[in-house]
Every structure is written in structure tokens, then in C-alpha cells.
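Have the structure open as you read.

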Amino acid sequence: EGQMTVFEEINQNMGKLKMLSAERAFIPMHKLMWHKGLAFTRLTVAERNIIRVLASSGRGSYTVTELADKAGFSYPNLNKILKGLEDDGYIKREVNRENRRYIDVTITESGTEMIEVYLREGLAFVQKVYERYLTEEEIYKLNESLSYAASIYEKIGSELDLYAGETHDRKYENTVQDYDVV
């Protein structure tokens, strides 16, 4: 038994942060908002994922194929999810104007409003928790530390994604060979 390397500590700390963010922030926040009756909490995990992708895209719309790829769903499964969201008025599907073989998926005003309320309520919840347990100085230090960590992961993120196999193209094969990990 030896001392952990700095890389082992980084990995361990990232695991802790992931668990803390999920278990201690997101889950209670989500339950609270579910009890408040917010529509976003009534959606399935898959439906919420689709709404998040559409709301954060900045593109206006995705084709069904692009959305399936971006959200990580198979085409048949995605169509089932989209039907439910469309029936609820959160998205709309239309034939692509430039290429009629494609269907464009767009978040509706109702879908955008639903996620904005959820995010606003979630932020208010997290803010109350932080302000209850942390001093103003601790809040600023936490923000600085998280911003710094995020900037580091932006630098190496694409490399990590490739290594994790999230990008299934020739680059992944090259990355694995570059690091001689196979």
C-alpha cells in the first residue's frame, strides 16, 4: 500500500463531486419541485434529456437523426419519446423545408417556459442551501474553484471524451493508440 498519486486523488475527488452533485443537490431539488407540481419533473429521464438538448442547442431545431445522435437514442426509441412530448405540446415536428426527407424537431414556447421555470426554481433552491450553510466568502471561493476546474476540463474534455469512446470515429482509435492503453 502506497500513497495515492495526484492523478488517483483527482479521480477520487471527481467521483466525490459527481456523487455529491447528484445525491445532495439534484435529487432533493428535483423531489421538491416534483411536489410543487412543476411539469418538467413529471417527464421521464429520456424526455427531460431531449428537452434539455433542444433548449440548450441555440440552433432552433435538430433533425430527428441529429437529435438521436446528440441525445444518444436509437431512431425508433426517439420517435416514441418525441410523440409523447409533441402530444404534451413541448415540441413540434415539421418536415424540413430544404430536404423533405428530414423531420425537424423544435422546442415550443411551452417547452421553453417549462424548462425555464424548472431552472429558475432549481437555482433558487440551490442558492438557499448555499446561503444557509456557507459564508459569502466561501461561496465566492467555491465559485472560483469550480470555474477553474471547469476551465481545466474544457482543455482536456475532448480528449477524455474520445478516450471514453463517446466519439465513435477514427479519432478514437488514434487516441487509444496514442496512449497505448489497450
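## Helix α3

Let's start with helix α3, residues 45–56: its 12 residues should span 16 Å at 1.5 Å a residue, and its end C-alpha atoms are 16 Å apart, which agrees. The expected span here is 1.5 Å times one less than the number of residues in the helix. Helices are DSSP runs of H or I with at least four residues, strands are runs of E with at least two, and both are numbered from the N terminus.

Which residues of α3 are buried? They are Glu47, Arg48, Ile50, Ile51, Val53 and Leu54. Buried means under 20% relative accessible area, exposed means over 50%, and partly exposed lies in between, with a 1.4 Å probe and protein chains only. Just after α3, Gly58 takes a positive phi of about 70°.

## About the model

This is a predicted model, in which local features need pLDDT of at least 70 and side-chain atom pairs count only at pLDDT 80 or more, while totals for chains, interfaces and linings use all residues. Residues are numbered from 1 along each chain as its sequence is written, and side-chain values use heavy atoms, with hydrogens and water left out.

## The overall fold

The protein has 8 helices and 3 strands. Along the sequence they come in the pattern α-α-α-β-α-α-β-β-α-α-α. Of the 182 residues in the protein, 23% are buried.

A contact means heavy atoms within 4.5 Å. Among contacts with a separation of 6 or more, 44% join residues 24 or more positions apart. The protein exposes about 13700 Å², and carbon and sulfur atoms supply 52% of that area. Accessible areas come from the Shrake-Rupley method with a 1.4 Å probe; for residues, only the protein chains shown count as cover.

## The nonpolar core

Helix α3 comes back into view here. The largest nonpolar core has 24 residues, and those touching the most other members are Ile50, Ile51, Leu54, Leu67, Leu82 and Leu85. The elements that give two or more residues to this core are α3, α4 (64–71), α5 (75–87), β3 (103–107) and α6 (109–133). A nonpolar core is a set of buried Ala, Val, Leu, Ile, Met, Phe, Trp, Tyr and Cys residues joined through side-chain atoms within 4.5 Å.

What does Ile51 touch, leaving out residues up to four places away in sequence? Its contacts are Phe40, Leu43, Leu85, Tyr90, Ile91, Ile107, Gly111, Met114 and Ile115. In α6, the buried residues are Gly111, Met114, Ile115, Tyr118 and Gly122. The 25 residues of α6 reach 36 Å from first C-alpha to last, close to the 36 Å expected at 1.5 Å a residue.

## Two loops

Thr108 lies in the loop between β3 and α6. This threonine is buried, with a relative accessible area of 17%. Not counting residues up to four places away in sequence, Thr108 touches Gly89, Tyr90, Ile91 and Lys92.

Arg59 sits in the loop between α3 and β1 (62–63). Arg59 is partly exposed, at 47% relative accessible area. The C-alpha atoms of Arg59 and Thr106 are separated by 9.2 Å, although these residues are 47 positions apart along the chain.

## Salt bridges

A salt bridge is a side-chain nitrogen of Lys or Arg within 4 Å of a carboxyl oxygen of Asp or Glu. By this rule there are 4 salt bridges. One of them pairs Arg93 with Glu86, with the closest N and O atoms 3.0 Å apart. Arg93 is partly exposed at 26%, and Glu86 is partly exposed at 27%.

Lys92 and Glu94 also meet through their side chains, at 4.0 Å from N to O. Lys92 is partly exposed at 38% relative accessibility, and Glu94 is partly exposed with a relative accessible area of 38%. Glu137 bridges to Lys141 at 3.1 Å between the closest N and O atoms. Glu137 and Lys141 are separated by about one helical turn because they are 4 residues apart in helix α7 (residues 136–164). Glu137 counts as exposed, at 52% relative accessibility.

## A nonpolar surface patch

On the surface, Val6, Phe7, Ile10, Met14 and Leu17 form a nonpolar patch with about 480 Å² of accessible area together. Patches are made of residues with over 30% relative accessible area and no salt bridge; like charges are joined within 9 Å, and nonpolar side chains (Val, Leu, Ile, Met, Phe, Trp, Tyr) within 5 Å. Phe7 is found in helix α1 (residues 6–35), and counts as exposed at 64% relative accessibility.
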